[in-house]
Amino acid sequence: VAVAGTLMPGRGLEDLFHAIRRARDGDVTVRAEIAGPASKSHRLRLESVIVECGVQDQVELIGRVTPDEVLDLYARSHVVAVLYGDSDAANDSLPNKLFQAMAAGRCVIVNQSEAGRLVSLEKCGLQVPSLHPEDLAAALERLHEDRELVDRCGGHGRHAVETSYNW
């Protein structure tokens with residue numbers, strides 16, 4: 001799982017870390033690479049949650065990356081998570097990272113948001129009902145078990161960018 005963007009409260013990362021632990025408890029190992037700048041205090045908070053969840057061997061906080069490095073990150077990932085909390089202003093927008101993931105042909109996991117509506121319309125990933133770790137873990141487990149779904153969703157996203165979202 002790849003995540004790229006500014007790391008700040010309300011972006012669902014703590015929930016994702018708990019979901020990774022829950023998936024592992026269900027015998028599904030998920031590796032996540034998290035790229036982007038964060039304030040020192042928030043990075044410390046994220047590191048603390050990673051340790052609390054016991055997923056230090058599964059989650060890597062990469063830090064700030066260049067646009068080319070984001071493309072490399074997506075290329076080596078099967079799934080891209082685009083998560084926004086209810087109070088995040090970006091919850092009502094279509095973020096660039098969603099279109100970047102779709103253009104890279106990657107399946108996306110989103111929560112119910114404007115991005116979620118697009119993902120459902122284009123069939124390019126899974127929309128989880130909430131950022132609760134149970135919902136995220138269920139999505140991770142489903143995608144782990146159904147690689148054809150991952151590939152189909154990635155292909156749908158790529159096709160959508162090539163034909164409709166190519167301004």
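Visitor: What is the volume of the largest cavity?
Guide: The predicted structure holds one cavity of 30 Å³ or more. Its lining includes Val-3, Leu-7, Arg-11, Leu-83 and Lys-97, and the lining residues divide into six nonpolar, two polar and two charged. The volume of the largest cavity is about 70 Å³.

Visitor: Why do the buried residues of helix H3 line one face of the helix?
Guide: Helix H3 spans residues 67-75, and its buried residues are Val-70, Leu-73 and Tyr-74. An α-helix has 3.6 residues a turn, so residues three or four places apart point the same way. Seen down the axis of H3, the buried residues line one face because they fall within an arc of 95°.

Visitor: Against which helix do the buried residues of H3 pack?
Guide: The packing partners of these buried residues include strands S1 (2-4), S2 (32-35), S3 (59-63) and S4 (79-82). The helix among the partners is H4 (96-103).

Visitor: Which element gives the most residues to the lining of the largest pocket?
Guide: The largest pocket has a volume of about 310 Å³. Of the 14 residues that line it, Val-1, Val-30, Arg-31, His-78 and Arg-147 are the closest to its centre. With three residues, the element that gives the most is H6.

Visitor: Which elements give two or more residues to the lining of the second largest pocket?
Guide: This pocket, of about 260 Å³, is lined by 16 residues, with Ala-4, Gly-5, Val-70, Lys-97 and Gln-100 nearest its centre. The elements that give two or more residues to its lining are H3 and H4.

Terms used: Residues numbered from 1 in each chain as written. Predicted model: local features only at pLDDT ≥ 70, side-chain atom pairs only at ≥ 80, totals over all residues. Heavy atoms only, no water. 1 Å grid on protein atoms, 1.4 Å probe; cavity = no way out; pocket = protein on both sides within 12 Å on 5 of 7 lines; lining within 4 Å. Points joined across faces, edges and corners; volume = space filled by probe spheres on them. Nonpolar A, V, L, I, M, F, W, Y, C, P; charged D, E, K, R; others polar. Buried < 20%, exposed > 50% of the residue type's maximum accessible area, 1.4 Å probe, protein only. Helix = DSSP H or I, 4+ residues; strand = E, 2+ residues; numbered from the N terminus. Arc of directions from axis to C-beta. Contact = heavy atoms within 4.5 Å.
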